[in-house]
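Subject: Structure handover

Hi,

Here is the structure I said I would pass on.

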Amino acid sequence: MRRQLIALTIAAQLASAGWAQTAREEIRNNIHLTASNTLAYPGPKQKLTPAPKGKKPFYISHYGRHGSRYLTNRRDYYYPYEAMMRADTIGKLTPLGREVMERVKRILDEAEGRTGELTPLGAQQLRQIAARMYQRFPEVFKGDAYIDARSTTVLRCVLSMENALQQLLILNPKLRINHDASKADMGYMNMQDRHLVAIRNTPSVQTAFDKFKNRVPPTDRLVRTLFNDTLYIKRHVNAERLTYSLFKLASNVQSTELRRQLTLYDIFTDDELYNQWETDNAYWYIWFGPSPLNGSTQPYSQRQLLRTIIEEADSCLKLHSPGASLRFGHETIVMPLTCLLELNDYGQQIDDLAKVAKHGWRNYRIFPMGCNLQIVFYRSGPADDDILLKVLLNEDEMSLPLKTNQWPYYSWSDFRQYYLNKLDAYEEAPQ
């Protein structure tokens, strides 16, 4: 009976979060989800489950992505603008084409000199996440609590860290904070495994992905609404590339100060947007998820980070007031770490790429701009050895592949043993 109640509770939580919907239904209700990793941080969807009687939060171990940013490649902005501008000089754009070109120019101008940088919205997201962390778990940040913060050396990550720390200091000026961004930490903060990178995209993987990508034949429908000469399109326009470039711009507008002034989503059909997202979803599943197509091993790229999280927790849990360990990096870390932890269903191995989204593996739930993992530890006091924890992904409670009779809370000792055994069983290839 207790197990049934637990299952019903989890099902209710997931349904209340909208997770019972299909991906197409979710995207129909919020077109911005098609942006995948350029989705602006949506914030938590759940109310937190009260802690077991007598238990209080006392330590948080965290890894989070930087907030919203501009696109990282200058060509992402200039390619579509130049393609349309060349056509306009000889009268080959439709009225809609000229209008879209002007919108693209505004997007380009705002991002000029700032590719890859944190946007004002990105800074705001990190402040808000930090404020909610403080408000949800005030015991962790009381008095002169110690906060150890680390960032990768990428500027947008450093600025994300600083915005979060500034917000915490506003809420409690007594906090003792150490913050750093050093190459010395990059081995676990942004690990790059050459062997796993090499097997991501073997010929057999590429064949499977191409087959899935081509489930919907490429079309020049969009460019035919922008250009007025079919012969010009055939000779001078790469319809597939231009369509995807405009889609990337459309997706990133939500992260910028132009988000209330213009959109590019209106030039796409609903099916075009969904099909583009589903292709991107399969791509991320192969490259960073537990896809059987390349051995289901990509999540192990974050084995050093998970081991570091466990080892640092071993040390911090011995302290009277351990505070928090905050780490700031990238979605290419959060996604495989989420899969390595097997949160909810994100560790599932799905052979058929056409079934990835249907089985609930949806990238926008894992790694929007500002995505974060928080492991929150609970005990009744310093002498309490029965330490519990729960894991939040984007501030919502997750299920772990562990037994518990008080979901979403799990035994730290069970967590520690399960994941150390998993890491120890993995056979590392020579680097």
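Predicted model: local features only at pLDDT ≥ 70, side-chain atom pairs only at ≥ 80, totals over all residues.

**Strands**

I'd start with β1, residues 56-65, where nine of the 10 residues are buried. β1 has strand β5 (residues 372-379) as an antiparallel partner, with eight bridges joining the two. If you want a residue pair to find that pairing by, Ser61 has Ile375 as its bridge partner in β5. β1 also pairs with β4 (residues 323-329), this time in the parallel sense and over seven bridges.

Is Ser325 buried or exposed? Its relative accessibility is 4%, so it counts as buried. Leaving aside residues up to four places away in sequence, Ser325 touches Tyr59, Ile60, Ser61, His62, Asp148, Glu312 and Cys316.

Phe377 has Leu389 as its bridge partner in β6. Six of the six residues of β6 are buried. Leu388, Lys390 and Leu392 point one way from the strand, while Leu389, Val391 and Leu393 point the other way, and all of them are buried. Note that a lysine, Lys390, is one of those buried residues.

**Helices**

Next, α14 (residues 303-316) and α15 (residues 331-340). Their axes are 10 Å apart and they pack at an angle of about 70 degrees. The two helices are therefore roughly perpendicular to each other. On the α14 side the contact is made by Arg303, Leu305, Leu306 and Ile309, and on the α15 side by Ile333, Leu337 and Leu340. By type, those contact residues are six nonpolar, no polar and one charged.

α5 has 17 residues and spans 24 Å from its first C-alpha to its last, close to the 24 Å expected. Its buried residues include Leu121, Leu126, Ile129 and Tyr134, and the buried residues of α5 pack against β1, α6, β4 and β5. α6 (residues 155-171) also has 17 residues and reaches 25 Å, close to the 24 Å expected. Among its buried residues are Arg156, Asn163 and Gln167, along with Val158, Met161 and Leu165. What do the buried residues of α6 pack against? They pack against α5, β2 (146-151), β3 (176-181) and β4.

Then there is α12, residues 239-252, with 14 residues and a reach of 20 Å, close to the 20 Å expected. Of those 14 residues, 10 are buried, so α12 is largely enclosed by the rest of the structure. Leu242, Leu246, Phe247 and Leu249 are among the buried ones. The cover over the buried residues of α12 includes α3 (75-89), α4 (95-111), α10 (221-226) and α13 (270-288).

Trp407 and Pro408 are joined by a cis peptide bond, with omega about 5 degrees. Pro408 lies in the loop between β7 (396-397) and β8 (410-411).

The other spot is the hairpin formed by β6 and β7, which has two residues between its strands. Asn394 lies in the loop between β6 (388-393) and β7, and has a positive phi of about 55 degrees although it is not a glycine. Glu395 is in the loop between β6 and β7 too, with a positive phi of about 75 degrees, and again it is not a glycine. How exposed are these residues? Asn394 is buried, with a relative accessible area of 6%, and Glu395 is buried as well, at 1%.

Cheers

Definitions and conventions:
Residues numbered from 1 in each chain as written. Heavy atoms only, no water. Buried < 20%, exposed > 50% of the residue type's maximum accessible area, 1.4 Å probe, protein only. Helix = DSSP H or I, 4+ residues; strand = E, 2+ residues; numbered from the N terminus. Pairing = 2+ DSSP bridges. Axes fitted to C-alpha atoms, helices over the stretch in contact; angles between N-to-C directions. Parallel < 35°, antiparallel > 145°, perpendicular 65-115°, else oblique. Contact = heavy atoms within 4.5 Å. Nonpolar A, V, L, I, M, F, W, Y, C, P; charged D, E, K, R; others polar. Expected span 1.5 Å × (residues − 1).
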